[in-house]
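Visitor: I am new to this structure, and I would like to understand what stands behind the words used to describe it. Could you show it to me and take the terms one by one?

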Amino acid sequence: MDAFTSVLSSLHLHSTVYCQAEIACHDWALRFAALPTAVFHVVLTGECWFSNASGSEAHQLKAGDVLLLPGGEAHHILPEPHVKPRYSIQLDRDVPQGRRLLRYGDEAQELVLICGSFDFAVLPQHPLLQSLPRCVLVPGENGQPAGQLGSLFRMIAAEATAAHLGADLLLTRLADVAFVEMMRRWLAHHPNPAPGWLSACRDPLVGQALQLIHQQPEYAWTVSELAQAVALSRSSFAARFTELVGEPPMQYLTAWRMQLAAYWLRDSQRPVQQVAFGIGYETLPAFSKA
């Protein structure tokens, strides 16, 4: 398992498709409240503008574009920049249960969006989440979501507007897969992301060291052992790892162990001692201190 796959798996993702929003009026403008989860929008037809709540960042969105806000911050979807929002939406409160089709107005249809969220059962310091910008935009291709996202969101749209048996489960699974494809497509358009975990993951040597850490977090790794495994001197490896990842190897190892421990303590029945041993701590005091 490569480091990217390992970290994606560790997100323990739970997706929610809230609605398909159809805008069929000329004076629309939407204000989305902040959520404690990542939020995504997919433009199926039409064009619009995204703006953060302060108005300091804006992007035009066209049919096929996919927008992801990893921090779930408040934002606006507008017909034009700097338009004052008219409708306020809090996705986890304002979408009636069992109703996934929201329609604004009864004129000619101008814009169709799929709106949803990704909930991650991890700490905010998770390496992947820290590496992503505040706004992730995956451009469409020929008016459709790029690559496999096209077929995924066509299926999601069909399920969102019908009352088929098992729709909730299917929507969740489809959106989970869509998140992975979003990350792949975004990385394809950003071959050299800013320094951070994503950049380090793609480095042939540091990426290999990350893979070792993720495969065996319980092992008593040393900087020398990791350096030897990737055929670098200790000093060269430590400098390269720190430059790309943003923290020294042993600090990263500890942080990753804490991510695993936090998840196991919260979402499993493992006793504390078993959690401690499972991530490489031989005594409870050492684990407690970490």
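**Terms and values**

Guide: Thr172 counts as buried, because its relative accessibility is 12% and buried means under 20% relative accessible area, with exposed over 50% and partly exposed in between (1.4 Å probe, protein chains only). This is a predicted model, in which local features need pLDDT of at least 70 and side-chain atom pairs count only at pLDDT 80 or more, while totals for chains, interfaces and linings use all residues. Residues are numbered from 1 along each chain as its sequence is written, and side-chain values use heavy atoms, with hydrogens and water left out.

Visitor: What places Thr172 in a helix, and which residues is Thr172 in contact with?

Guide: Thr172 lies in helix α5, residues 167-189; helices (H or I, at least four residues) and strands (E, at least two) are DSSP runs, numbered from the N terminus. Contact means heavy atoms within 4.5 Å, and on that basis Thr172 is in contact with His14 and Ser15, once neighbours within four places in sequence are left aside. In the protein chain there are 12 helices and 11 strands, and 48% of its 290 residues count as buried.

Visitor: Why is strand β3 called largely enclosed?

Guide: Strand β3, residues 38-45, has eight residues, and six of them are buried, so the strand is largely enclosed by the rest of the structure.

Visitor: How do you know that β3 pairs with β10 and with β6?

Guide: Two strands pair if DSSP finds at least two bridges between them. Seven bridges join β3 to strand β10 (residues 111-120), and these two run antiparallel, with Val42 having Ile114 as its bridge partner in β10. Four bridges link β3 to strand β6 (residues 66-69), again in the antiparallel sense, and here Phe40 stands opposite Leu68.

Visitor: Is Leu68 buried or exposed, and what does Leu68 touch?

Guide: Leu68 has a relative accessible area of 2%, and therefore it is buried.

Guide: A nonpolar core is a set of buried Ala, Val, Leu, Ile, Met, Phe, Trp, Tyr and Cys residues joined through side-chain atoms within 4.5 Å. The largest such core has 63 residues, of which Phe4, Phe40, Leu68, Phe118, Phe153, Met182 and Trp197 touch the most other members, and its largest share, nine residues, comes from α5. Apart from it lies another core of 26 residues, among them Ala21, Cys25, Cys48 and Tyr104.

Visitor: How many cavities are there, and what makes a space a cavity?

Guide: On a 1 Å grid over the protein atoms alone, a cavity is a set of points where a 1.4 Å probe fits but cannot get out, and lining residues have an atom within 4 Å of a point. The count by this rule comes to two cavities of 30 Å³ or more.

Visitor: What lines the second largest cavity?

Guide: Its lining consists of Trp49, Phe50, Ser51, Gly55, Ala58, Leu78, Pro81 and His82, and the largest share, three residues, comes from strand β4, residues 48-52. The lining divides into five nonpolar, three polar and no charged residues, where Ala, Val, Leu, Ile, Met, Phe, Trp, Tyr, Cys and Pro count as nonpolar, Asp, Glu, Lys and Arg as charged, and the others, Gly among them, as polar.

Methods:
1 Å grid on protein atoms, 1.4 Å probe; cavity = no way out; pocket = protein on both sides within 12 Å on 5 of 7 lines; lining within 4 Å. Points joined across faces, edges and corners; volume = space filled by probe spheres on them.
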